[in-house]
Each structure stands twice: as structure tokens, then as C-alpha cells.
2 protein chains.
Amino acid sequence: MTRDPDAAPDLIAGIRNGDRRSLARAITLAESTRADHRELADEVLETLLPDTGRSRRIGISGPPGVGKSTFIEAFGTHIIDRGHRLAVLAIDPSSRRTGGSILGDKTRMAELSHREEAFIRPSPGRGHLGGVARRTREAMLLCEAAGFDVVIIETIGVGQSEVAVADMVDLFTLLVSPAGGDELQGIKRGIMELADLVVVNKADGDLAAAAGRSRADHAAAVHLLRPRWQAWATEVMACSALTGLGIEEIWDAVGRFIDAVSASGELAEARSRQATAWLWSEISDTLIDRFRADPGVAPMLAEAEAAVATGRHTPTHAARMLLDRFTAH
Amino acid sequence: MTRDPDAAPDLIAGIRNGDRRSLARAITLAESTRADHRELADEVLETLLPDTGRSRRIGISGPPGVGKSTFIEAFGTHIIDRGHRLAVLAIDPSSRRTGGSILGDKTRMAELSHREEAFIRPSPGRGHLGGVARRTREAMLLCEAAGFDVVIIETIGVGQSEVAVADMVDLFTLLVSPAGGDELQGIKRGIMELADLVVVNKADGDLAAAAGRSRADHAAAVHLLRPRWQAWATEVMACSALTGLGIEEIWDAVGRFIDAVSASGELAEARSRQATAWLWSEISDTLIDRFRADPGVAPMLAEAEAAVATGRHTPTHAARMLLDRFTAH
């Protein structure tokens with residue numbers, strides 16, 4: 001009797017056994033735009049849901065050039081050497097399937113990608129952020145069901161991708177350079193406030209002193225903000241992904257964070273809130289998609305937006321005009 | 001022939017003449033939940049739209065106890081003494097009509113409320129943030145059409161009200177206390193990144209030295225962030241609303257900001273983007289309201305949310321179940 005590798009029971013059994021091919025195939029189905037693939041992925045995810053949730057979910061973001069890949073390689077290797085199984089995912093709505101995203105080119109995390117305890121998957125790419133975020137969350141759940149007990153989600157930092165990542169992880173890490181406040185670009189607005197951990201990278205050689213100042217600058221800035229958790233205050237650390245300095249302390253900090261916010265009950269609350277927010281963003285995205293595609297609305301949309309942008313109609317009036325044409329109602 | 005003060009042409013004429021009663025009545029109509037009132041308000045706003053936009057729109061936020069009312073009184077009086085006509089609005093989704101909001105009790109801005117060049121209106125209150133924001137924007141447009149050339153929108157800082165205010169003003173001001181980083185509460189996350197101007201209040205007497213340190217702390221923190229504008233870098237200033245120290249410099253800074261971001265074209269772009277975002281949040285809010293109220297969806301909603309919050313269903317699956325029941329489709 002031939003087994004159909006795409007049949008739900010086989011995928012489910014394979015994933016529960018930690019089989020990487022079943023995992024990869026299920027993630028591919030979840031990323032597909034075909035309705036039959038999505039139905040199958042939905043069935044697999046619903047069945048595996050009780051097997052999910054048992055990982056430390058870590059988001060990592062930072063500006064281009066800060067050394068994210070080198071950091072994830074060093075950090076991920078350390079995590080695996082401590083006996084864990086690590087999945088590394090990415091959110092990059094602009095990536096193309098063939099290369100383009102940082103994780104598309106596995107040579108950039110060569111050592112890590114060769115470890116059998118590591119599972120590295122490029123960003124789904126192609127599509128608006130809501131769809132990419134959904135596919136990444138689903139990939140995360142599937143990885144957890146397959147026994148990966150640490151999941152890192154990296155973001156390239158385009159648009160609102162950091163907010164999307166913060167909405168699906170337990171601990172959000174911001175990687176910054178030793179140049180600190182003198183950095184040409186500065187930290188993209190909205191990200192510092194998301195961070196549970198700030199890591200100053202490249203704290204080696206000539207940059208060690210600068211890294212120390214950068215650490216102090218960021219610690220002072222973070223100190224001005226209201227803490228996100230009762231049981232955890234954002235910490236600022238320095239490391240050198242190249243030499244390994246500070247990597248162990250960062251992993252320890254992750255552990256202290258998880259212990260603290262689990263004990264206070266805040267972690268469970270946060271995950272519950274994230275799931276509810278995910279529900280409403282799915283609903284909202286679908287309603288907006290249907291609205292945009294509606295035959296009564298679609299022909300009027302560009303004109304209405306232009307009228308609003310140039311002040312010819314109030315937004316309330318234009319919204320009313322379009323909603324009146326929403327034929328489904 | 002009796003004039004109907006509620007007829008659109010009379011309201012429009014009255015507002016164009018700067019008549020405060022017509023303005024107040026039009027704002028009340030815009031705040032109403034009655035369909036006929038909203039229709040009338042819509043007609044008035046559409047007709048007056050070309051007369052709007054000619055003000056400096058300033059948002060002011062800060063934690064409780066920082067002295068917002070005292071500041072607005074001092075700042076507002078200075079602005080009027082410079083020959084302007086000032087409207088002061090507020091966003092506080094939790095306020096009750098009879099008192100409760102800071103602006104509900106006009107004795108708190110006694111001097112300002114007696115100036116004929118000032119128009120002070122309490123928050124619409126009652127209702128979710130989206131509705132309150134819409135009514136506040138519409139009140140702002142009506143004030144502009146009535147000739148008020150400076151509009152201050154204050155926020156009490158509940159929920160996401162700061163984001164709503166930042167989305168409708170030109171310059172967002174964050175008021176902080178001299179205690180700076182030692183403040184018990186800290187700045188609510190998400191707000192520092194919105195600020196185009198940070199003002200350390202109460203820089204007088206015993207607190208003068210602390211205010212200076214607070215100014216430096218906030219300036220250093222702001223320096224780490226990417227600027228929101230090409231033509232303007234967020235400034236941090238100190239003032240004493242009680243003594244008047246620094247108030248003139250703050251008003252000068254507002255002027256420099258407006259000049260700079262107007263010249264760079266960024267102000268016009270920002271207002272255009274705000275109008276478009278307002279259009280989509282009106283559409284989205286209405287679609288979600290219709291969805292929640294739908295007879296196929298409403299009975300299932302609480303159960304679906306609970307199932308998602310407790311991990312019995314994936315959010316994607318629950319969203320699909322509810323959307324399938326959305327009878328209008």
C-alpha cells in the first residue's frame with residue numbers, strides 16, 4: 001500500500017516523529033495559495049495544535065549591517081550545543097523565493113545549517129505582511145509540533161515586520177551596533193519599545209570601548225520607558241558574535257526571562273493575547289480583501305483614495321460612498 | 001422667515017463667519033449617533049472642506065500628574081497673545097459627558113477659557129477609540145473652517161489614544177516630568193517614538209537641576225532613534241508652565257518645525273497620508289462592526305475567541321469558521 005506523503009495522517013505522524021521532510025512539506029502546504037493545500041494545512045495544524053507551544057520563541061531584529069546572520073550562527077550553535085533543537089525562520093515580505101532573503105542563502109549560516117538539530121527555513125516572501133506573518137506563525141507551530149524547543153524568528157526590518165514578529169514571539173531581541181547614537185541611521189522608530197533584550201554586537205577589538213558606551217546609552221534610553229512586563233525589565237548586553245564573548249550570558253538571560261514571566265503568569269497571558277490578536281487580524285485582512293475585490297467597490301477605489309489624498313472629499317464621506325457600493329451588503 | 005439653525009446652509013455660513021454657536025452645534029451633530037445628524041454633519045463637512053487645513057495642528061500627551069492642563073493654559077495664552085485663534089480639543093475614550101475628562105472641567109483652564117479667541121471643547125467620550133478619533137478629527141476640521149489657526153489636541157493617554165492623536169496632527173509633543181528616568185511609571189511604550197518635541201515641565205525652583213538632567217536623558221534617548229522627518233530632528237526642551245520660563249521657546253520651535261517640514265514638502269505628504277489612513281480605518285471599523293453584528297457570526301463569536309485564547313483552535317481555523325458564517329456573503 002503506497003503511503004501518500006501529502007495525506008494529512010502521514011504528515012501528522014511524520015511531524016510527531018520529528019521527520020524533517022514531513023515538516024518541510026507541511027510548511028510548504030501552509031505557504032501555498034491553493035485552496036486545497038490550505039485546507040490540508042489547516043487540518044494538519046488543527047490536529048497538531050495540542051503538540052505545539054513547547055518552545056522558547058525568540059524574535060531577532062536589527063538594522064542592516066549589524067551582523068544578524070553572524071549572531072544567529074553563534075547564538076544558534078550555542079543553543080544546540082546545550083542540547084536543544086532549534087528552528088530558525090524569517091519574515092521578509094520583500095524576499096524572493098530564490099535567494100534575496102538572508103536565510104535564502106544558507107552559506108551565510110553555514111555551520112548552523114549543517115547541524116541536524118537545526119532547521120532553517122527562508123521567509124515565505126511574496127505577498128503582503130499579514131499573509132507572510134500568518135505563514136510564519138504556522139511554520140512556527142509546525143516546528144514546535146516536530147519537537148523543536150527553541151524557535152528564532154528573524155526579521156529583515158522592512159515596513160512593520162518587527163511588530164509582526166513581536167506579536168508572535170515571547171522575547172524580542174534588538175541587535176544594535178557599537179556606534180550607538182552616532183550611527184547614521186539610528187534605530188527605526190517603534191522598535192526600541194518592543195525590545196525585551198537589547199544586544200550590542202561587535203564588542204571586540206577596536207570596538208570594545210564603543211560597545212561599552214553604546215550599551216550604556218541604550219540602557220539609559222530603555223530606563224526611561226515603562227516596563228512591558230511586571231516580572232522582567234529590559235536588559236542591555238554586549239557580545240561579540242565573532243569571538244563568542246557574551247553569547248552564553250545572552251542565552252542565560254533568555255532563560256531568566258522565560259522563568260520570570262512564566263512564574264508571574266504573564267507569558268501565558270501574552271500568548272493568549274497574541275492568539276486572539278491573530279484571529280482578528282485574519283478576520284480583518286479577509287474582510288478588507290473581499291471589500292477591495294468587490295465588483296461594486298473596485299472600480300471606485302483609486303478615485304476615492306485620490307480624492308481623499310488631495311482633499312476633495314472627507315475620508316468619512318468617501319468611506320461611506322464606497323461602503324454603500326459594497327454589493328455583498 | 002425663521003432661520004433653522006440646524007439647516008446646513010445656516011451652519012455653513014455661521015461657521016465661515018467664525019460664529020461659535022454654529023461651530024459648537026456642528027460639532028455636536030458630528031458627535032451624534034443619529035443617522036440624520038451624521039448626514040447633516042457630513043454635508044456640512046464636505047462643503048467646508050476647502051476652508052479647512054489652515055492651522056498648525058499640535059498634539060500634546062504626557063503621563064498623569066505631569067501638568068498638562070497648566071501647560072496648555074500657559075502655552076495657549078501665549079499663542080493667543082501672539083494674535084492667533086486657538087481651539088483646544090481632547091481625546092479620552094473613557095470620559096463621561098458630565099465632567100471626568102480634563103477638559104470637561106473648564107475651571108482647570110480658567111484663564112484660557114475666558115479668552116474669546118479660544119474655543120475649548122471636551123472629549124467626545126463614550127465609545128471605542130475609532131469613533132472618538134473620527135469625531136475629534138471632524139471637530140478639528142470644523143474649527144479650522146471657523147478660522148481657528150492653531151488647534152491643540154490633548155490626550156489623556158488611555159489605550160492607543162496617543163497613536164490616534166499623532167495620526168491627526170502635524171507636531172506631536174510629549175510632556176515629561178523632571179524626575180526623568182527615576183519616574184515610577186516611565187513613558188508608556190510607543191509614545192517616545194511619536195514625539196517631534198519633548199518638553200520637560202516643572203523646570204523651576206527645586207526641580208530646575210533635575211529638569212536639566214531629565215532634558216539631557218531624553219535628548220540622548222531620542223538621539224538613538226531614526227528621525228521621523230528629513231527636515232526636522234526631535235528637540236527636547238524644558239519649561240515651567242507656572243513661571244512661563246521656556247514657553248516662548250516652545251512656540252518658536254513649533255514655528256521652526258512647521259516652516260521646515262512645509263518647505264521640504266513633508267507636511268503636505270504627511271497630511272495626505274493621514275487622510276488616506278483615516279479612510280481605511282473608517283472602512284475597516286465599519287466592516288468589523290458589520291461582521292460582529294451579523295446574525296450568522298454574533299452567536300459564535302465569544303466561543304470562537306475563547307477557543308483561540310485557550311489553544312483549542314488555531315486562529316486561522318477559527319477565523320475561517322466565522323467568515324464562512326458571515327451571512328452577507
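Keep in mind that the model is predicted.

Let's begin with chain A. Its seven strands make an open sheet, and reading across it the order is 3-2-4-1-5-6-7, with parallel pairing. Which strands sit at the edges of this sheet? They are strand 3 (118-120) and strand 7 (235-238) of chain A; each has a single partner strand, so one side of each is left without a neighbour in the sheet. Ignoring direction, neighbouring strands here are turned by 20° against each other on average.

For a look at one pairing in that sheet, go to strand 2 (residues 86-91) and strand 4 (residues 150-155) of chain A. These two run parallel and are joined by six bridges.

Helix 6 of chain A lies across strand 1 (56-61), strand 2, strand 3 and strand 4 of chain A, and it runs at about 175° to strand 2 of chain A. Helix 9 (residues 247-263) of chain A lies across another set: strand 1, strand 4, strand 5 (171-176), strand 6 (197-200) and strand 7 of chain A. With strand 1 of chain A, helix 9 makes an angle of about 130°.

Over in chain B, you'll find an open sheet of seven parallel-paired strands in the order 3-2-4-1-5-6-7. Strand 3 (118-120) and strand 7 (235-238) of chain B are the edge strands, each pairing on one side only. From one strand to the next, the twist averages 20°. Within this sheet, strand 5 (residues 171-176) and strand 6 (residues 197-200) of chain B pair in the parallel sense over four bridges, and B:Leu174 has B:Val198 in strand 6 of chain B as its bridge partner. Helix 8 (residues 208-223) of chain B packs on the sheet here, touching strand 5, strand 6 and strand 7 of chain B. Its direction makes about 175° with that of strand 7 of chain B.

So much for the sheets; on to the interface. Chain A puts 65 residues into the contact and chain B puts in 66 residues. Between them they bury about 6200 Å², with carbon and sulfur atoms giving 60% of that area. On the chain A side, A:Arg189, A:Leu224 and A:Arg226 lose the most area to chain B, together accounting for 15% of what that side buries.

What about polar links across the interface? There are 13 residue pairs in polar contact between chain A and chain B. Several elements of chain A give two or more residues to the side that touches chain B, including helix 3 (35-48), helix 6 (129-145) and helix 8 (208-223). The largest share of that side comes from helix 10 of chain A, with 15 residues. Sorted by class, the chain A side that touches chain B has 28 nonpolar, 18 polar and 19 charged residues.

Finally, the charged pairs. The structure holds 28 salt bridges over all chains, and two salt bridges are found across the interface of chain A and chain B. A:Asp42 meets B:Arg320 in a salt bridge, at 3.8 Å from N to O. This pair crosses between chains, going from helix 3 of chain A to helix 12 (residues 315-324) of chain B. B:Asp42 likewise forms a salt bridge with A:Arg320, where the closest N and O atoms are 3.8 Å apart.

Note on methods:
Residues numbered from 1 in each chain as written. Chains lettered and ligands numbered in written order. Predicted model: local features only at pLDDT ≥ 70, side-chain atom pairs only at ≥ 80, totals over all residues. Heavy atoms only, no water. Pairing = 2+ DSSP bridges. Axes fitted to C-alpha atoms, helices over the stretch in contact; angles between N-to-C directions. Contact = heavy atoms within 4.5 Å. Buried area = accessible area lost by both parts, 1.4 Å probe. Salt bridge = Lys/Arg side-chain N within 4 Å of Asp/Glu carboxyl O. Polar contact = N/O pair within 3.5 Å; in protein donor to acceptor, adjacent residues only side chain to side chain. Nonpolar A, V, L, I, M, F, W, Y, C, P; charged D, E, K, R; others polar.
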